[in-house]
Amino acid sequence: MREDTIQVGSSLLIKVPNGDVRPMKVEQNGTINLGKFGAFYASELVGQPYGLTYEIVDKRLKVVPPRSIQEVEETDATNELINDGQFVQPLTIEEIETLKKSGLHASEIIKKQIEQHANYQLKTEYSKEKYKKRKEAKYSKSFTVVEPTLFNVCDYWFKKDQNRLRDIRPDALSQMLNLANIRPGGRYIAVDDASGVVVAGILERLGGSGRLITICDIDSPPAYPVTVQMNFRKEVVAPVMSSLNWATADEDYTPSMLMPPAEAPGQIKDSQKSRLNKRKAVANSLMQTREELFAGEFDGLLIASEYEPFSIIEKLTPYVAGSANIVVHSPFVQIVTDLQNKLRDLPQYLGPAVSEVWTRQYQVLPGRTHPTMNTSGSGGFILHAIRVYDDPKASSVVAHRQKKKARLEGTSPAPADSGDVTPSNPDSPMVRDTPETPALDSSAVSNADTSGAEASGDVELGSL
Amino acid sequence: MWSAAREIADGDLVIVWLTRDVVQPLVITRGKELNSKYGVYRHSDLIGVPYGSKIGSRNGKGFIHVLRPTPELWTLALPHRTQILYLADIAFVVSWLNIKPGSRVIEAGTGSGSFSHSVARTIGPSGHLWSYEFHEARANKAREEFVRHGMDNVVTLTHRNVCKDGFTVEGTVDAVFLDLPAPWDAVEHAKKALRKDRTTRICCFSPCMEQVLRTVSALNEAGFTDITMYETLIRPHQVDAVPPLSPISDVSAKLRQAEQRREEKRLRQIAISRAARHAAGKRKRDGDADEEAEGAGKKAKTDDEGEPRSEELAGEPAASAGAETPAAKDEVPTSGQSTPAQGSGETDLGTAEPLAKITLSKVFPDVRGHTSYLTFACLLPKIPAAEAAPEVEAEAAEDSAAAASSS
């Protein structure tokens, strides 16, 4: 999918000492400027593997060997005698600036600061380490090239602007791709209004074989900016992915490009001819993509859209094969909840289930292991359902049992038996009569019990 | 892996979805029958039917859905030989480890193969998975399963204790996943197996914090970097469509109505007893008056519960509201039916048309609260010798020697 090493033209994610990640592009003969962390010749990175840390020395790079975590010695020090606002650092900002300008190495500056610090020896060892780290983040001229894995790119975008990703956090993306059964050679439809994070995931997991049709809301090819950092090779993506929009994905749409030209063929100039040919090629490829979509039998449908999801599912279900997975992500639980409520009444969707992703990261320094203090609040909500072909003649065991019970007791039939089933009722866990195992993982994500949900006659059989 | 054909064929593995909680694997064998409490099905009737079809039982009672297997369905349906990994952890580990088509991966131990199937799907025919299981019977079972599922060209299964004997490949794989009781004993072996020309990754899956701490120091000593740890879970939501919650003005109105009824009844009772007293004559007046008044009061109280029902039967639904409110209150958030209290309230206000339901969701009461801690780390590519510190250089030389011997 991408080159194993950094190339001219690569889009990099560069992590600077203070933890920020910046997007940078490797240009021929270019200089990459990291502000106070220094600047260097981009060519220095060409041919390097991803993931290494470098120190900048005179615009050239020196690989920094990986540092291991140091055990911190336990001491009796506490902050008992350390007070806020005390004058502890005689070294002034101006003096530090002069030191920096003189070209002194970051570690030397930090050493000087520690020597001058009045209370440094009172600090606990943990606190001393924190102090050194903080100073390093300030003065050291170094950086790390983040490898553009799907996880890292998603994480970078999520931290940068989670709204643009529609809250698709790496854990949510991972679950979506697995639930949709993305595999090399598979054929998928995606609606990605999440800056292309879903598209990036699908392309990565197709590995250059299979098919992806995306449907967007603009009349030019969608940009999907997240795919930029993935550094996919063009020739790998082009044959796999095509895009339509909500107009061109309509079966009754006629592209104006296909209308016969107004002028008679004889009058066309040569310059116009090549333009017309180009237009024709675009139109042909569009018509091909449409035909491919309408021919259907896709292996999965993934939706992360700002538009009403049921209208999208209704429109695209005919093109999705039996047993295909439908995965919808939304930042809002209400959106997927309403969708689940609609889908569970329809016999062509099996087991629609809503779940929420939950993840927490830990700091694992020796003797200081704990969940990180700041964390992301939400990675959104996922609805998963399986597209099935209905058989309106099939009836549920529960319905029969309830009919029988009703006869024996001589009471009126249970709600599940009457024609107008209340949506939540027959499959609500409260009235489910099968012994219920505790909800485990996605298996029990929702309550729709197929034997309870009744078919209400459907066009699906026609497609069998 | 599994059949990619549109229709089910003899010998295919299908996933039979009976209910959400009853999902079973089934190998289609002409001549066999599937018997369950959801009906009777002949395998031969499933042959030629498209995947994803709903199938009615032969006796007309019950139905099933026959689905194409996916690693996710397999996780729900597989025969458990051990504790297994589920979607949340599998998905997270696969993406953190950067497992993708063409990846070369090590997994130890194989267990019930839940993770193996997911990885095999994602790496595809151009990737490879080396899977190790130290329990011989389980290893054999898993090997048979991989062959039956057409994964044997992608997965190499070895019966071996990797903590003692290491892995069968050196300098080869992109990622290592360790689901072992003592992963720290396998960390050095894992380092040998990982390739050295690019960043590689490892994940250790351990349920206990004590294991995490030992693993972290082993990873650190072995020279792994970016050590971090995650916990990830799925919180399944239960969805219900219910009538909109009643405003308290409704409750207030009902309470007032009830009070008014009680007052009317009390006045009626008083009138009745007064009339009775008149009829009883003067003899009783002095001695029994108090007693009788008290009795009437008591009766009014007990009647309070019985009476509304008779009034309801008489065609005054509004009257039932007050008495039923306490019971109805419990039902509102849970049941999908419109509650009697609401129905009568609407009638009372003259808005006969039912209110649109609202959809609510909350996390199921019993959910998985912990699976395991996922400890991750990276092994950076070998630094070009000229730039490396002497110590690293020696190690690099050692690695290249190892790589040379393996090739």
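Is B:C203 buried or exposed? B:C203 is buried, at a relative accessible area of 0%; here buried means under 20% relative accessible area, exposed over 50%, and partly exposed in between, using a 1.4 Å probe and protein chains only.

Before going further, a word on the model. This is a predicted model, in which local features need pLDDT of at least 70 and side-chain atom pairs count only at pLDDT 80 or more, while totals for chains, interfaces and linings use all residues. Residues are numbered from 1 along each chain as its sequence is written, chains are lettered from A and ligands numbered from 1 in the order in which they are written, and side-chain values use heavy atoms, leaving out hydrogens and water.

**Cysteines**

A disulfide is a covalent bond between the sulfur atoms of two cysteines. The rule used here asks for a pair of cysteine sulfur atoms within 2.5 Å, and by this rule there are zero disulfides over all chains. For B:C203, the closest cysteine sulfur is in B:C204, 6.4 Å away and too far for a bond.

**A covered strand in chain B**

Strands are DSSP runs of E with at least two residues, helices are runs of H or I with at least four, and both are numbered from the N terminus. Strand β14 of chain B (residues 373–379) is mostly covered, with seven of its seven residues buried. From β14(B), B:Y373, B:T375, B:A377 and B:L379 point one way, and B:L374, B:F376 and B:C378 the other way.

Two strands pair if DSSP finds at least two bridges between them. β14(B) runs antiparallel to β11 (residues 200–206) of chain B, joined by seven bridges, and B:T200 stands opposite B:L379. β14(B) also runs antiparallel to β12 (residues 225–242) of chain B, with four bridges; here B:T225 stands opposite B:C378.

**An annotated site**

An unreviewed UniProt entry gives the annotation "binding site" to B:E133 and B:D179. They span 47 residues in sequence, yet no two of their C-alpha atoms are more than 10.3 Å apart, so they gather at one spot. UniProt positions follow the numbering used here, feature names are shortened, and annotations may be inferred rather than shown by experiment.

B:E133 belongs to strand β8 (residues 128–133) of chain B, whereas B:D179 sits in the loop between β10 (175–178) and α7 (187–193) of chain B.

| Residue | Relative accessibility | Class |
|---|---|---|
| B:E133 | 3% | buried |
| B:D179 | 27% | partly exposed |

Contact means heavy atoms within 4.5 Å. Leaving aside neighbours within four places in sequence, B:E133 is in contact with residues including B:G109 and B:H159, and B:D179 touches B:L85, B:A108, B:G109 and B:F205.
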